[in-house]
Amino acid sequence: MARIVGGVGTSHVPAVGAAIDNGRQGEAYWAPYFAKTEPARAWMAETKPDVCLVVYNDHADAFSLEIIPTFALGVAPLFPPADEGYGPRRVPTAEGHPELAWHLAERLIIEEEFDLTIVNEMPIDHGCTVPLSVTCGQPDAWPFKVVPLCVNVIQYPPPTGRRCLALGRAIRRAVDSWPGDERVVVFGTGGMSHQLQGERAGLVNLPFDTAFMDALVADPDGQAQVPHATYLREAGSEGIELVMWLIMRGALGDAVTERYRLNHVPTSNTSNGLIILEPAAAPAEAADAS
Amino acid sequence: MTRAPRDYDDIPGTYVFDGEHSRKGYALNMFCMSLNQAANREAFTVDPEAYLDRWDLTPEQRRVVVARNWLELLRLGGNIYYTFKLAIVDGLTMQDVGAAMSGITTEEFSAMMAAGGRPPGDTAAGGRPPGDTAAGGRPPGDTAAGGRPPGDTAAGGPVIGGQA
């Protein structure tokens with residue numbers, strides 16, 4: 001059976017993508033951030049997943065206000081980078097995994113009773129491509145297949161933290177039931193604290209971000225109870241993206257091992273964070289390994 | 001019928017893009033999103049008035065689009081991810097727009113971010129003075145840190161910058 005071998009929570013800041021695309025990682029502003037992300041690339045190179053399920057939100061690129069799916073699963077064979085207003089990012093088109101994606105759709109909708117939207121045409125914007133760049137650098141092709149799961153968090157009401165955590169747990173069961181032997185990494189992206197809009201633009205709340213990461217690891221059920229208003233108030237209007245990290249967390253099982261984390265303020269207008277988790281080895285597995 | 005109060009109504013300087021905003025700003029946001037297409041960016045740049053004629057904006061929305069009043073755009077139903085498409089056409093960054101919305105210069109805004117960003121309790125509409133690193137702010141130049149070793153849950157709670 002396929003299995004989930006790791007999870008990455010990470011911000012998906014467009015300016016980070018632009019810095020990579022324009023070769024600015026070495027500049028004084030960017031070098032400290034990119035130095036902190038090196039262990040994430042090393043982990044990815046070592047983990048070598050076959051598939052990454054990337055949970056992210058679209059930012060008025062694949063979806064408009066015309067149709068606003070709460071959870072939209074990409075089942076296409078290819079996902080090209082979106083034109084967000086600058087022309088598309090010069091990054092590879094992501095290769096999808098339609099067989100696995102349709103399996104997930106069937107399991108999640110029938111067995112797990114999550115009413116997903118199924119999407120065949122979905123250009124991926126910075127929400128999906130920046131996390132790939134941060135963890136893979138600039139390869140000619142992404143070194144794994146990508147199944148994008150797009151979550152509405154920009155039109156209130158977004159899904160609750162509880163629903164996101166439950167979806168992650170359902171994704172784990174659905175992946176476990178896939179007969180292939182793929183090794184899967186799940187990304188939860190967005191955040192951390194930031195507010196792009198209004199007089200309060202520029203908000204950063206690092207203590208919130210750190211507490212969020214701690215709870216994500218140790219008490220996801222507790223974190224899932226946090227209401228939207230708390231995120232809006234404490235983490236900023238765009239900080240509510242963090243609920244998507246709970247989908248990743250749910251997909252990893254009850255106990256996790258934290259492999260790495262970074263916090264960096266600022267990247268553009270955002271408190272940038274990244275965390276790498278692995279499912280804690282079952283006792284038998286651990287014994288085998290020793 | 002009046003709108004029932006929401007638990008986020010009292011958050012200062014924040015325009016939660018809920019159903020009420022979305023209804024008000026539908027045409028405005030769809031106009032902004034049309035600028036994702038290169039041909040539309042070109043048409044808008046060449047003849048803004050003719051391009052705006054294609055969209056069912058209110059006179060007030062049209063006026064603030066032309067004036068590039070970023071804060072008013074939010075108040076008239078704009079969503080920042082949509083209205084930012086308009087800023088991209090102008091060659092502006094999110095820091096330019098953030099500065100304009102909070103009533104400070106881009107340089108002041110960038111300095112505020114470099115100093116740790118705006119504290120969540122900062123409710124001042126004109127933004128806080130640059131260089132004010134009080135209350136949650138981080139001293140400028142403190143870029144230390146990088147990744148915390150796994151398992152480092154050092155007491156003392158959240159460590160600014162994540163440094164162990």
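Which side chains meet in a salt bridge at 3.0 Å, N to O? They belong to A:Glu199 and B:Arg75, and a salt bridge here is a side-chain nitrogen of Lys or Arg within 4 Å of a carboxyl oxygen of Asp or Glu. Some notes for a first look follow.

1. Ground rules. This is a predicted model, where local features need pLDDT of at least 70, side-chain atom pairs count only at pLDDT 80 or more, and totals for chains, interfaces and linings use all residues. Residues are numbered from 1 along each chain as its sequence is written, chains are lettered from A and ligands numbered from 1 in the order in which they are written, and side-chain values use heavy atoms, with hydrogens and water left out.

2. Where the chains meet. Chain A puts 52 residues into the contact and chain B puts in 61; contact means heavy atoms within 4.5 Å. Between them the two chains bury about 4,700 Å², with 57% of it on carbon and sulfur atoms. Buried area is the accessible area (1.4 Å probe) that two parts lose on being put together, summed over both. On the chain A side, A:Leu65, A:Glu199 and A:Arg200 lose the most area to chain B, together 16% of what that side buries. The rule finds 4 salt bridges across this interface. Do look at A:Glu199, then: it is among the residues losing the most area, and it also pairs with B:Arg75.

3. Chain B as a whole. You'll find 8 helices and 0 strands here. Helices are DSSP runs (H or I, at least four residues), strands are too (E, at least two), and both are numbered from the N terminus. Of the chain's 164 residues, 46% count as buried; buried means under 20% relative accessible area, exposed over 50%, and partly exposed in between (1.4 Å probe, protein chains only). Take the contacts in chain B between residues at least 6 apart in sequence: 38% of them join residues at least 24 apart.

4. A helix pair in chain B. Helix 7 (residues 94-102) and helix 8 (residues 106-114) of chain B have axes that come within 8 Å and cross at roughly 105°. Axes are lines fitted to C-alpha atoms, for helices over the stretch in contact, and angles run from 0 to 180 degrees between N-to-C directions. The two helices are therefore roughly perpendicular, a label that covers 65 to 115 degrees. Helix 7 of chain B brings B:Gln95, B:Asp96, B:Gly98, B:Ala99 and B:Ser102 to the contact, while helix 8 of chain B brings B:Thr106, B:Phe109, B:Ser110 and B:Met113.

5. A:Asp21. This one sits in helix 1 (residues 14-21) of chain A. Is it buried or exposed? A:Asp21 is buried, at a relative accessible area of 19%. Setting aside neighbours within four places in sequence, A:Asp21 is in contact with A:Arg89, A:Arg90, A:Val91 and A:Gln138.

6. A:Ile124. Look in the loop between strand 6 (117-119) and helix 4 (126-136) of chain A. A:Ile124 counts as buried, with 1% relative accessibility. Beyond residues up to four places away in sequence, A:Ile124 touches several others, including A:Tyr56, A:Phe79, A:Pro80 and A:Pro148.

7. A:Glu234. Helix 8 (residues 228-235) of chain A holds this residue, which is partly exposed, with a relative accessible area of 30%. A:Glu234 and A:Asn205 are 29 residues apart along the chain, and their C-alpha atoms are separated by 6.9 Å. Neighbours within four places in sequence aside, A:Glu234 is in contact with A:Leu203, A:Asn205, A:Phe208 and B:Pro120.

Methods
Angles under 35 degrees count as roughly parallel, over 145 as roughly antiparallel, 65 to 115 as roughly perpendicular and the rest as oblique.
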